[in-house]
Amino acid sequence: MAAHTHASHADHAHGGGHHGSYLERKGGLLTTIWDWATTVDHKKIGVMYLFAILFMFFLGGVAALAVRLELFEPVRVLADGKITGQFFGPADATNINAGNNIYNRLFTLHGAIMVFMVIVPSVPASLGNFFLPIMIGAKDVAFPRLNLLSWYVYVLGSIFAVCSIILGGVDTGWTFYTPYSTTTDADHIKVVFMVLSAFILGFSSILTGLNFVVTIHKLRAPGMGWFDMPLFCWAVYSSAIIQVLATPVIGITLLLLAFERIFRIGIFDPALGGDPVLYQHFFWFYSHPVVYVMILPGMGIISEVLAVHAHKQIFGYRAIAFSSLGIAAVSFIVWGHHMFTSMSELASAVFSALTFLVAIPTAVKMFNWIVTLYKSSISINAPMLYVLAFLFLFAIGGLTGLPLGTLSTDLHLHDSYFVVAHFHYVMMGGTIMALMAGMHHWWPKMFGKAYNEKAAMLGCVIVFIGFNITFMTQFFLGTQGMPRRYASYIDEFHTLHQWSTIGSGIILIGFLIHLFVFLASLAVGRKAEQNPWGGLTLEWTIPSPPIEHNFEHEPIVKHGPYDFDSVLPPTWDPADYPVPNPSAGGRPAVAHSPEPKD
Amino acid sequence: MSTLSSSSGKSFWQRYVHASHFRSAAEEFDAVKLGFWLFLTTEVLLFGGIFCAYFIFRTLYPDAWREGSHLLDWRLGGLNTAVLLISSYTMAMSIYCVQKGYFTRAKWNLFITLLCGAAFIFIKIAYEYIPKWSVGKRPGALFDYPFAEHAQLPLWWSVYYCGTSIHAAHVLIGMVLIARVLYRTHKGYYGPTHYTMVEVTGLYWHLVDLIWIFLFPLLYLIH
């Protein structure tokens, strides 16, 4: 590796080991493993998070495919008592409950893993950990050891979840609603394990969020005011605030739930005077703000990737920045829309009205992104394709949220596949698409290796098609009356369910292509340039992969993150990427680092 | 992240060098305090759930709550309040003494704080939990007190045990932190130019106090 020789030279010159690539191996295999396991380097922790999260994404994905397989055929009990169409369950079963129980466990697994172990930590803990300090010009996050601790806490929480699965799984649904979570399954320990898993993962989330808030407050480089930060930092900051303020509430809720389960304290048990709806209030007081923890960092990635690959100053920087804070603020006052059917009409109407407020900052972002794209010079590549996929899918996901927020339509749509489709459009069509955009955008920086652009684009197109086949059908299923969480259905839904299952297979193919592209990149990818896309933020001013301390000297920020019409990107080489002629717009070209590298 | 150079004859705090990703020791101190205040916010929100449950059930079952409150001895709660208030004073004094370099006084103050914490736990368990539990004043389904006047009394005990036991767990964690600070003060880790952990432990201890200051009147005094 070319960087290697350069780095070892630098070591001699400076008498320290901090100038080589952060990926440089310190010795034999055991030494390397120990080095990673005890590292306090935010980049290594980010990479460890990324792989841990992708592994859990794989587990959750397997559960999702299993759910779809079960739904390929409706379960029927024939006249002679035989059961057909049951994919999971004993072959000679005479009772459909055995199979149904497995189905309940599968969708709970899918939901719990994807929400608590994938989507919540996905962007902030992996890409956020890696790039937030670099983007603000810091050497590390404010509390590096806490950062490592949060990874171990995450792994511990995931181990609890896996133990619960091995012990037979949980059938409560990912929301652990009482009384399912307090009374079903005489075998107590499984549910307690899963609940403790979510409780432990909460600590990991709090530690990450707290770390990011302090990092952004205290460690910005000279010249980087709040409004000079890349929008990704604003988004991560907003979501970190939600993480800090909302997660403790789920902490106490799950703790009370565990007490309820173990000691039957009765707080959520109507037989003892308790109130199951109280659990729902507590749960959604956390879990609704947390859907914005899931989406806000993704939106930050979109702002970043979209501006860089459109080579244009982002439109409405402050509007996008403040809309992130706006979403964070509104997120705390809308939780009641998850319980329209268990509240008074007045409360429901108030929550419904408040819910529509979310649409305003979200739409502000959407319109600003679209205006940024207008008349820009767009490079079509995998990150940009994923951004476009995000814009399409998230628009559909957002707009279908409105009929769910409206009381009269929600009455018909709630607990149906319409809801399932809606949140998959915002969570997968939003967060996962943004994560994929960010992974492709920053992959060359993280690992110093280029990936195969054409194959990645093919993967993206296949995922996009598969996604729409899987979930667009579910909007129709929902409006036709298919309720969620059922292992079987009437014959009228057969075709749409089959299409949905076929779509999930297509998504699998798309992600397998991505897996192959990334593995190939790590194994045989050519060395990536320092600035392959022509970005202006600080991570593009340092080598790919970054050196251990990120910057040779503390950077001084002299221009905004998106001044594409007045600043030439660092290490600019016209052969590498098309940059619009700066003088065409009538503005003078102020070279940031005028000499093309090499 | 304390990086200690090897010059001899000086205490740890005199040789303390701030972590390399901060520009100065003052910036590090500010960052740690900001982070810790955020952490304290999460603690407040954690107990917020308990308080919320308390108020909801109080509204639903005012009679059971009144009965439950009468079953608690305000003198024991008051004694524990006094114990914690004294410990808060000694904790604050120990921070002041470390800042001023009065190490013997700092250690005595930390020691008294630790004793007060232990006294609180002792009173809580020996005079409150054990006598109550043994006569059947237990949470939820475990409730076995024959003289209950209201059907929801078990729920009162659920809220009482959850609130006070989670608080007691915090007292224990605080005692571990104080013991660590006491040991490290003895070893010369902290002094006028470096006392971050003493200050932060103090903040935590005051929060634990503050939560009791709310728990005490809600559980023992309001009828």
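1. Contact here means heavy atoms within 4.5 Å. On that basis, 39 residues of chain A are in contact with 34 residues of chain B. The model is predicted: local features need pLDDT of at least 70 and side-chain atom pairs pLDDT 80 or more, while totals for chains, interfaces and linings use all residues. Residues are numbered from 1 along each chain as its sequence is written, chains are lettered from A in the order in which they are written, and side-chain values use heavy atoms, without hydrogens and water.

2. The two chains bury about 3,000 Å² between them, and carbon and sulfur atoms give 76% of this. Buried area is the accessible area (1.4 Å probe) lost on putting two parts together, summed over both.

3. One salt bridge is counted between chain B and chain A. B:Arg23 forms a salt bridge with A:Glu554, with 2.8 Å between the closest N and O atoms. The criterion is a side-chain nitrogen of Lys or Arg within 4 Å of a carboxyl oxygen of Asp or Glu.

4. On the chain B side, helices H2 (25-60) and H6 (153-186) each supply at least two of the residues that touch chain A. H2(B) gives the largest share, 18 residues. Helices are DSSP runs (H or I, at least four residues), numbered from the N terminus. By class, this side has 22 nonpolar, nine polar and three charged residues. Nonpolar covers Ala, Val, Leu, Ile, Met, Phe, Trp, Tyr, Cys and Pro; charged covers Asp, Glu, Lys and Arg; the others, Gly among them, count as polar.
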